[in-house]
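Below I jot down what I looked up, entry by entry.

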Amino acid sequence: MSTIFALATPPGRGAIAIIRLSGPHTDEALSRLGAGGLKPRLASLRDLALEGRALDQALVLRFPAPNSYTGEDCAELHLHGGRAVVEAVGDALVTLGLRPAEPGEFTRRAFENGRMDLAQAEAVADLIDAETTAQAAQALGQLDGALSQTYAGFRLDLLKALALVEAEIDFPDEEVPDNLARTAGPVLDGLITDLKAALADARRGERVREGYRIVLIGETNAGKSSLFNALVAREAAIVTPIAGTTRDVLDADLIIGGYAVTLSDTAGLRDSDDPIEAEGVRRARARAEQAELRLWIRAPGDPEGPAAAYARPDDLLVFTKADIDRVAPPLDREALFVSTETGEGLGALHDWLAARLARDLSGADFPAVTRERHRRRLTEALASVEAGRRALDVSPEMAGDDLRRAAESLARVTGAIGVEDILGEVFSTFCIGK
């Protein structure tokens with residue numbers, strides 16, 4: 001096993017730069033740099049040098065195996081943050097036989113050495129990338145094992161059923177109850193219900209991590225772009241009195257109520273002979289279909305037009321230009337009035353959106369899916385459990401095969417078995433120092 005190193009702080013000039021080391025030759029490298037004999041987990045000031053060449057005066061910490069992040073001998077060099085210092089120490093480590101780490105290699109070694117499971121390793125990357133309180137809270141929960149415990153519960157129920165099936169297969173001549181495998185039916189029925197519920201709730205975890213999509217739809221000149229600019233607090237979209245100014249989908253990322261949101265402005269929905277505007281309308285309709293929430297934008301006095309066909313029952317109707325005119329809102333739909341000229345109603349709209357996000361994205365239980373990879377495995381497991389349930393009355397052997405496949409699918413989420421084909425996918429997204 002090679003010994004690796006990497007910069008664990010952002011590159012560039014700074015007050016401090018931290019280089020991490022991990023591997024069997026960590027202590028040897030520290031000794032040759034003039035930092036030998038350190039007490040574990042105690043920061044010590046050392047003059048680092050190699051072959052008589054001074055490198056830096058640094059704080060050095062040593063973490064002996066197995067009580068380290070990776071489970072190997074580890075160390076941290078807290079250097080002065082100048083680029084020349086970092087490069088000189090890096091060159092010295094290469095001279096000593098260490099090599100630069102690959103993306104995610106520290107966390108991959110932590111996984112391989114049993115310091116965390118695969119779901120927890122993914123949480124490390126999510127925590128580094130977190131930009132909102134909700135993303136950070138979800139990543140911390142996953143790092144603490146909440147997702148792993150969910151899948152462990154699924155697997156426990158599955159193994160209970162599998163044990164009953166296997167008993168009938170392996171001990172046909174022993175004194176076991178007749179049709180023992182069929183007694184696994186209620187257990188599998190409950191598991192199928194739980195897996196379906198987890199999949200139905202899957203969008204919540206993914207949307208917290210990736211961002212909740214809100215799309216503004218409406219007729220031309222309804223005030224969509226003006227409202228878009230007001231919500232993102234900058235002049236992101238061009239606003240003119242000319243109908244059809246917006247021709248393409250314009251996205252902006254923002255945070256509302258602690259949740260990441262992707263807000264989209266779209267072309268006004270109308271029939272057009274202009275091929276460019278027609279393509280913009282097509283894209284607007286496609287984006288509206290993908291949205292978690294649509295804000296149906298209407299100007300007072302405008303008749304209900306094609307945009308109404310793309311509004312869902314629980315989407316919000318927003319009347320713009322409230323400083324000019326107001327109309328009676330429809331009785332069957334919630335509506336708000338705003339004015340981008342005076343700011344009237346914008347606070348109420350923001351509060352409404354924050355409440356909607358909290359309703360859609362918060363929950364009493366930790367989501368069973370935070371990445372598309374989890375969704376694939378959960379879908380595979382559900383299909384195998386349903387197949388096994390159908391096979392119980394036909395062939396315990398067939399049912400056993402199906403249930404074993406389901407167990408493998410669930411285990412792949414946490415990396416308990418068969419993970420070589422997905423390790424590269426998971427860890428390639430990490431930064432170098434992790």
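Predicted model: local features only at pLDDT ≥ 70, side-chain atom pairs only at ≥ 80, totals over all residues.

**Entry 1: the whole chain**

I count two residues as in contact when they have heavy atoms within 4.5 Å. With that in hand, I looked at contacts between residues at least 6 apart in sequence, and 60% of them join residues at least 24 apart.

Residues are numbered from 1 along each chain as its sequence is written, and side-chain values use heavy atoms, with hydrogens and water left out.

I call a residue buried under 20% relative accessible area, exposed over 50% and partly exposed in between, with a 1.4 Å probe and protein chains only. On that scale, 49% of the 434 residues count as buried. The protein exposes about 20600 Å², and carbon and sulfur atoms supply 52% of that area. The areas come from the Shrake-Rupley method with a 1.4 Å probe, and for residues only the protein chains shown count as cover.

I traced an open sheet of 6 strands with mixed pairing, in the order 3-4-5-2-1-6. Two strands pair here if DSSP finds at least two bridges between them. Strand 3 (44-50) and strand 6 (99-100) are the edge strands, each pairing on one side only.

In which sense do strand 1 and strand 6 pair? Strand 1 (residues 4-7) runs parallel to strand 6 over 2 bridges, and F5 stands opposite P100 of strand 6. Helix 3 (residues 105-112) lies across strand 1, strand 2 (16-22) and strand 6, at about 135° to strand 1. For such angles, axes are lines fitted to C-alpha atoms, for helices over the stretch in contact, and the angles run from 0 to 180 degrees between N-to-C directions.

A reminder to myself: most residues other than glycine have a negative phi, and most peptide bonds are trans.

I then checked the loop between helix 1 (26-32) and strand 3, where R41 lies. R41 has a positive phi near 55° and is partly exposed, at 49% relative accessible area. E51, in the loop between strand 3 and strand 4, is not a glycine either, yet its phi is positive, about 55°. E51 counts as exposed, at 70% relative accessibility.

Where is P66 found? I located P66 in the loop between strand 4 (53-63) and strand 5 (74-80). The peptide bond from A65 to P66 is cis, with omega near 0°.

**Entry 2: the sheet with strand 8**

I followed another open sheet of 6 strands, ordered 8-9-7-10-11-12, again with mixed pairing. Its edge strands are strand 8 (250-256) and strand 12, each with pairing on one side only. On average, neighbouring strands of this sheet are turned by 25° against each other, direction ignored.

Strand 8 and strand 9 (residues 259-265) pair antiparallel over 7 bridges, and A252 stands opposite L263 of strand 9. Helix 11 (residues 346-361) lies across strands of this sheet, including strand 7 (212-218) and strand 10 (293-298), running at about 135° to strand 7.

**Entry 3: T320**

Is T320 buried or exposed? At 4% relative accessibility, T320 counts as buried. I found T320 in the loop between strand 11 (316-319) and strand 12 (335-337). Its side chain reaches the backbone oxygen of A222 at 2.5 Å. Leaving aside neighbours within four places in sequence, the contacts of T320 include A222, G223, I297 and V338.

In helix 5 (residues 133-143), I listed A134, Q135, Q138, A139, G141 and Q142 as buried. They cover an arc of only 160° around the axis, so they sit on the same side of helix 5; the arc is that of the directions from the helix axis to the C-beta atoms. G145, which follows helix 5, has a positive phi near 105°.

Last, I turned to P396 in helix 13 (residues 396-414). P396 is buried, with a relative accessible area of 15%. P396 and A167 are 229 residues apart in sequence, and their C-alpha atoms are 9.7 Å apart in space.

Technical notes:
Helix = DSSP H or I, 4+ residues; strand = E, 2+ residues; numbered from the N terminus. Polar contact = N/O pair within 3.5 Å; in protein donor to acceptor, adjacent residues only side chain to side chain.
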